[in-house]
Structure formats: structure tokens, C-alpha cells
Amino acid sequence: MDLLNQIFIAPFVDMVAAPDFLLQVLWEGLVSGVLYALIALGFVLIYRSSRIFNFAQGIMVVFAALTLVGLHSFGIPAWISVVLTLGVMFVLAVSIERIVLRPLVGQPDIILFMATIGITLFLIGLGEIIFGGENKQMISAELGIPTGDTVLEPWGGLLILQHLDITVVGVAVVLVGALLAFLNYTQMGRAIRALGDDHQAALSVGISLQTIWVLVWFIAGIIALVTGIAWGARAGVSFALEVIAYKALPVLMLGGLESITGAIIGGLMIGLSEKLFEIYWGQPILGGNTETWFAFVLALIVLLFRPQGLFGERIIERV
């Protein structure tokens with residue numbers, strides 16, 4: 001009976017009793033969800049345009065952050081380092097298309113997936129050789145990322161908003177808005193969407209597969225850099241960020257591999273729900289540390305009832 005009370009009654013009583021604390025939990029979940037959604041967008045863009053599940057997206061986040069910090073450590077000013085890092089991510093996109101993807105056109109999906117695992121291992125080795133394996137500090141102050149916090153008192157309680165988190169959410173909203181505008185209102189953006197909707201039809205009207213692949217991998221690199229700066233400012237820059245990046249996997253399972261909307265909404269759902277579960281159910285009942293697995297369990301439950309995800313397209317094959 002006590003267990004039933006802890007599951008169905010006590011959490012909601014706690015939420016009502018301390019609404020300011022509930023707001024704090026929701027805010028922290030929102031920030032995490034925004035970052036999950038950003039990483040998931042990188043996966044979705046590449047999958048829509050090439051049907052490749054990019055296992056390397058996580059290490060791209062790490063590599064971009066390490067490149068930025070490494071360039072600055074050589075005495076290059078912070079914002080010039082950002083521009084040079086974007087250049088590195090563009091060169092990486094071109095290299096992946098020319099060296100890895102172009103020779104594998106027409107190969108089974110599993111071959112392309114294994115190729116992205118090879119890219120992951122290569123970037124890990126290259127990153128360790130160039131930058132070393134030790135933890136590094138993100139150049140937050142040099143980039144002008146604000147520190148400190150704003151304290152609010154809703155309902156006479158306490159709500160602390162870190163300026164870093166506010167900046168992360170604001171930048172993410174601008175980036176997603178710019179990406180959606182690019183996809184909907186530019187010629188190259190419409191070409192990416194057309195390639196995602198129907199590969200053969202898009203190729204038949206002259207859309208260059210190679211150009212689109214370079215473009216989407218570069219956009220994924222931009223997203224990786226923004227995410228790497230955000231996570232690096234919060235938790236430092238190390239190869240452990242790759243593990244955090246894979247929290248986007250349940251977002252993809254939940255939202256669907258082909259849906260940009262699903263990546264955004266799925267990321268927010270995962271971030272909010274895992275934080276709520278950790279605070280109100282995980283810690284009192286299970287002793288905490290549920291954030292490491294809750295998102296995957298939630299995504300698995302959704303897949304049992306809707307295998308294509310909440311926003312994925314149902315595939316019907318005629319036999």
C-alpha cells in the first residue's frame with residue numbers, strides 16, 4: 001500500500017505542495033530536452049537525405065568542441081576559432097562524402113551504417129592524437145557566454161535560472177528557426193526535402209546527391225558545434241560528451257527517424273519526462289540515477305505500440 005502511495009499519490013502531492021520546485025525541475029528538463037533535440041536534428045537531416053543512420057553524430061559533437069578549444073589554445077581568438085572550426089567541419093563533410101559515401105552509393109544500408117561506425121572510430125583516434133584525451137574547459141567567457149543566474153520567487157518560493165541555460169535555449173530556438181526557414185524557403189533546402197521524400201524522383205530532376213550529402217553533413221557539423229559548446233560549457237569538454245550525445249537515440253525512437261518535428265518534440269518530451277521521473281519517482285522509490293535509462297525505456301514502450309515513432313511515417317509494403 002505504501003508503494004502504491006509513493007507511485008500514484010505522493011509525487012503529485014509534492015508537486016502541488018512546492019510548485020516553485022516543480023518549475024525548477026521543468027526548467028532543467030526543458031534545457032536538457034532542447035540539447036537532446038539539437039543532436040537528434042543532426043541524425044534526422046542525414047537520415048532523410050541519404051537513409052544513413054549516422055552513428056558518428058555523437059563524436060562529431062565532441063570533435064567540434066575539441067577543435068574549438070584546441071584552436072583557441074594555440075592563441076587564436078575565440079570567434080575566429082569558431083569560424084575556423086566551421087571550416088574544419090566543412091572539410092570533414094566534404095571528406096566523408098568523397099572518401100566514404102561516394103564509393104558506397106547503392107550498397108545495402110547496413111554497409112553505410114558500418115561506415116559511420118568507422119568514421120566514429122577514426123574521429124576518436126584523430127581527436128586523441130591532436131588534442132589528447134584529458135578533460136578541457138570550454139572557452140565560455142571568451143565567447144561571451146553569460147554566467148551567473150537570475151532568481152525568481154514564484155508563489156513565494158525560489159526559482160533559479162542560470163544565464164548559461166537561458167542562452168542555450170535562446171540559441172537553440174534561433175538555430176531551429178533558421179534551419180526550418182532554410183529547409184522551407186531556399187532552393188537547397190527544398191532539394192534536401194525532395195531527396196528525403198523520394199530519392200529517385202529527386203535524382204531524376206537533376207538534384208545532385210553528392211552536393212546534398214556534403215550540405216547535410218555540414219549542417220550536422222554546425223549543429224554538433226553548437227551542441228558541443230553548450231554541453232561543454234555545462235560539463236567540460238571530453239570524450240564523455242559522446243555518451244551524452246547518444247541520449248538523442250531515444251529521442252529518435254520516440255519522434256521518428258524522418259521527422260524534424262518529431263526530433264524537436266521528442267527531445268522536449270524526453271528531457272522533461274526524465275527529469276520529472278528522476279525527482280518525483282526515481283529518487284524516492286529507486287534511489288535515483290534513473291536518468292541513465294528512463295528515456296530508453298520510455299522510447300521502447302512507445303515503439304511497442306507505434307514502431308515508426310510518434311511522428312514517423314507508417315511504411316506499407318505491397319506483396
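**Exercise 1. Which helix does Thr120 lie in?** Then decide whether Thr120 is buried or exposed, and find what it touches.

*Solution.* Keep in mind that this is a predicted model. Start with the location: Thr120 belongs to helix H6, which covers residues 109–131. Next, look at accessibility. The relative accessibility of Thr120 is 3%, and buried means under 20%, so Thr120 counts as buried. Finally, set aside neighbours within four places in sequence: Thr120 then has contacts with Phe55, Ala56, Ile59, Glu242 and Tyr246.

**Exercise 2. Explore the nonpolar cores, beginning with the largest.**

*Solution.* The largest nonpolar core holds 84 residues, and those touching the most other members are Leu41, Leu68, Met138, Leu143 and Trp217. Now ask where the members come from: helix H10 (residues 209–235) gives the largest share, 16 residues. A second core of 7 residues is separate, and Val25, Leu276, Ile279 and Trp281 are among its members. To finish, zoom in on Met138. Not counting residues up to four places away in sequence, Met138 touches Ala65, Leu68, Val69, Gly228, Ile229, Gly232, Ala233 and Val237.

**Exercise 3. Describe how helices H12 and H14 pack.**

*Solution.* Begin with the geometry. H12 (residues 248–255) and H14 (residues 294–305) meet at an angle of about 20 degrees, and their axes are 9 Å apart. Because of that angle, H12 is roughly parallel to H14. The crossing of H12 with H14 is left-handed. Then list the contact residues: H12 supplies Leu249, Pro250, Met253 and Leu254, while H14 supplies Ala295, Phe296, Ala299, Leu300, Val302 and Leu303. Sorting the residues of this contact gives 10 nonpolar, no polar and no charged.

Technical notes
Residues are numbered from 1 along each chain as its sequence is written. This is a predicted model: local features need pLDDT of at least 70, side-chain atom pairs count only at pLDDT 80 or more; totals for chains, interfaces and linings use all residues. Side-chain values use heavy atoms; hydrogens and water are left out. A nonpolar core is a set of buried Ala, Val, Leu, Ile, Met, Phe, Trp, Tyr and Cys residues joined through side-chain atoms within 4.5 Å. Buried means under 20% relative accessible area, exposed over 50%, partly exposed in between (1.4 Å probe, protein chains only). Helices (H or I, at least four residues) and strands (E, at least two) are DSSP runs, numbered from the N terminus. Contact means heavy atoms within 4.5 Å. Axes are lines fitted to C-alpha atoms, for helices over the stretch in contact, and angles run from 0 to 180 degrees between N-to-C directions. Angles under 35 degrees count as roughly parallel, over 145 as roughly antiparallel, 65 to 115 as roughly perpendicular and the rest as oblique. A crossing is left-handed if the near helix is turned anticlockwise from the far one by less than a right angle, and right-handed if clockwise. Ala, Val, Leu, Ile, Met, Phe, Trp, Tyr, Cys and Pro count as nonpolar, Asp, Glu, Lys and Arg as charged, and the others, Gly among them, as polar.
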